[in-house]
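User: I am new to this structure and would like to know what stands behind the terms used for it. Please set each value against its criterion.

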Amino acid sequence: MHYDMIISSGLVVDGTGGKPFNADVAVEDGRIAGIGDLKNASCNRRLSAKGKCVAPGFIDAHAHDDRVLLSSPDMKCKISQGVTTVVTGNCGISLAPLRKMDPPQPLNLLGGREWYRFESAKDYATELRDNPASLNCIILVGHSTLRVGVMERLDRAATKREMLQMEKLVDEAMDAGFSGLSTGLEYPPAICASEEEVTRLAIRAAAAGGVYTTHMRNESDQVDASVEETIRVAEQARIRTVISHHKTAGRKNWGRTKETLDMIQEAQATVELNFDAYPYIASSTSLLPQFVGQSERILITWSDPHPECAGADLHDLCDEWKVSLTEAINILSPAGAVYFQMQEEDLRQVLTFPGAMIGSDGIPSDSRPHPRLWGTFPRVIGHYSRDEGLFPLEDAVARMTGNTASTFGLTDRGFIRNGMAADLVIFDPKSIIDKSDFENPIQTADGIEAVFVNGDLVYIGGESTENRPGQLIRTQV
Ligand SMILES: [Zn+2]
C-alpha cells in the first residue's frame, strides 16, 4: 500500500471515548485510509508521533467566528488549540443576512458596519467558499440578526408580516448551506421575542434538517424557566437542540446545575437535547447592566470610547472616576466585559455531564479577550483531565470530537475511523496546557504539535502554515 502520509507510532484517542490504543494512521486524498501497523506501507510523508497522542481535530461547538474566518483565515486562535471545525453564528448573532446597518449590541461583537455587508445568507456562504479559512466551519443563522434586519422595532414580538419575512430568511439560509438557527434571548434585540416566534423559526430550520442552539432567556435566577422554554421549543419544533454555554450564574444560583442538569437529563428521554460549555468560571459578552449585578468581579475586554480601559476592573474604574456602576457602564459603552459569576463545582458538574460538548464561546474581536478564545481545548485536556483528574483523557477528547460530531450530525468527522475526513491533531499528553489567562489572554497553548484539516497541515511547531483547506460543512440531522 502507498499513502500520502502516515502518522506513525502514536497513541490514538479516537473520539469515541474508548480506550486509547497504539497505531499508525494513514491519510490518502484528505481522508483517513488506514489504522493499524503500517510499517510496511510506503508513503510520501511519514511523521512520527511516538510518545504523542493522535486525535480527531477538535470541534468548537460554540464560536463567534463569522467575521474572523474571513478577516484572519489562518484562524490561529483555534488551530493552535487543535481545533479543526468551528460552529459559528451562535447566540442569535450571525454576520448574515444583514446589510448597511450599524449593528446594535451584541451584534457588534462580530464587527462594525463595514462587516455587516451580506445582503443574503448565500452571499456570505459564497464568500466563505471562495475564500476558505484554515479550518472547517458550520454556520447558524442568528435570530437577533434576522430581527435587526426585518423589524422596525425590537421591543415587541414580531408581527405576522415580519414572521413571514424571517421564516423566508431561515429557509434561504438553510438553502445556502447554513446548518440551523441560533437565538440569544437574553440580549436586548431578542428579549421581547415570543416563544411562538422562536418555535416557528425553529420549525423552518428543522424542516431543512437543521439544529437549534440557544443562549437562553435567562441563565441566573430564572434559569429553570429558561430550560423549560428550551425543552418546549425542542418538542414543538421537533428540532435537535443545544443549550449554549450552560451555567447557573450569580452567587444565589450557585449549586443549581443539580436542578438544571436533572431537567436536561429527563428531557433527553423525549427530545434531542444537549449543551456546550467552556472550562472557566467567568463568562464574557457585551457590557450590559443585567450581567453586572450578578458578578463577583468584572474586567473590561474592549470599549469604543475608552479603548485604554481594556483589561481594567470595572469597580476600580468606578473608584477612580468616582461614579456609580451605571454611570461607568454608560461612559464605557459600547463595550465588552468578562464576568466572574460561576462556581467551580457547577462548572465541574456541567463539564462531566454525559455526552456534553466543549465550546469556547471565544470572541475574537475583543482587544483583551476572555482567555477561552486561545485556551479552551488544551485547558480541558491539560488542566481538567490530566492535572485535576476530572475525567480520563479519552473522555475529555470525546467531549470535543465524537460527542460534538454526533450532536451536529457530522457524518464523516469527529472520529478516527477509515473513510473519515483527515481532520487530525497530534498533541503531547504530558505538556498540553493553556497558556492564556486573564492577564495575558492572547497566548498559544503548549503541547499542540501538528494539526491537519482535510489532510492538509495547517499548524506545526507553534506556527500556522499557508494552507487554507477549510470547508463549509452542512450538518445532517
Ligand atoms: Zn451566548
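User: What makes E6 and E7 a pair of strands?

Analyst: In this predicted model, three bridges join E6 to strand E7 (residues 83-88). Two strands pair if there are at least two bridges between them, so E6 and E7 count as paired. The two run parallel.

User: Which strands form the open sheet, and in what order?

Analyst: Three strands form it, in the order E6-E7-E10, with parallel pairing. On average, neighbouring strands of this sheet are turned by 15 degrees against each other, direction ignored.

User: Why are strand E6 (58-60) and strand E10 (136-139) said to stand at the edges?

Analyst: Each of them has a single partner strand, so one side of E6 and one side of E10 is left without a neighbour in the sheet.

User: How do you know that E17 and E18 are paired?

Analyst: Strand E17 and strand E18 (residues 335-340) are joined by six bridges.

User: What makes strand E17 (residues 297-303) mostly covered?

Analyst: Six of the seven residues of E17 are buried. A residue counts as buried if 20 or more other C-beta atoms lie within 10 Å of its own.

User: Why is helix H4 (residues 143-150) called mostly covered?

Analyst: Six of the eight residues of H4 are buried. They are His143, Ser144, Thr145, Leu146, Arg147 and Val148.

User: What do the buried residues of H4 pack against?

Analyst: They pack against the helices H5 and H6, and against strand E8 (98-99), strand E11 (141-142) and strand E12 (180-184).

User: Why are H5 and H6 called roughly parallel?

Analyst: Helix H5 (residues 160-175) and helix H6 (residues 195-207) pack at an angle of about 30 degrees, their axes 9 Å apart. Angles under 35 degrees count as roughly parallel, and H5 and H6 are therefore roughly parallel to each other. H5 passes H6 in a right-handed crossing.

User: Which residues meet where H5 contacts H6?

Analyst: From H5 come Met163, Met166, Glu167, Val170, Asp171 and Met174; from H6 come Glu197, Arg200, Leu201, Arg204 and Ala205. The residues of this contact divide into six nonpolar, no polar and five charged.

Key
Residues numbered from 1 in each chain as written. Predicted model: local features only at pLDDT ≥ 70, side-chain atom pairs only at ≥ 80, totals over all residues. Buried ≥ 20, exposed ≤ 12 C-beta atoms within 10 Å, placed from the backbone. Helix = DSSP H or I, 4+ residues; strand = E, 2+ residues; numbered from the N terminus. Axes fitted to C-alpha atoms, helices over the stretch in contact; angles between N-to-C directions. Parallel < 35°, antiparallel > 145°, perpendicular 65-115°, else oblique. Left-handed = near helix turned anticlockwise from the far one by under 90°. Contact = placed C-beta atoms within 7 Å. Nonpolar A, V, L, I, M, F, W, Y, C, P; charged D, E, K, R; others polar.
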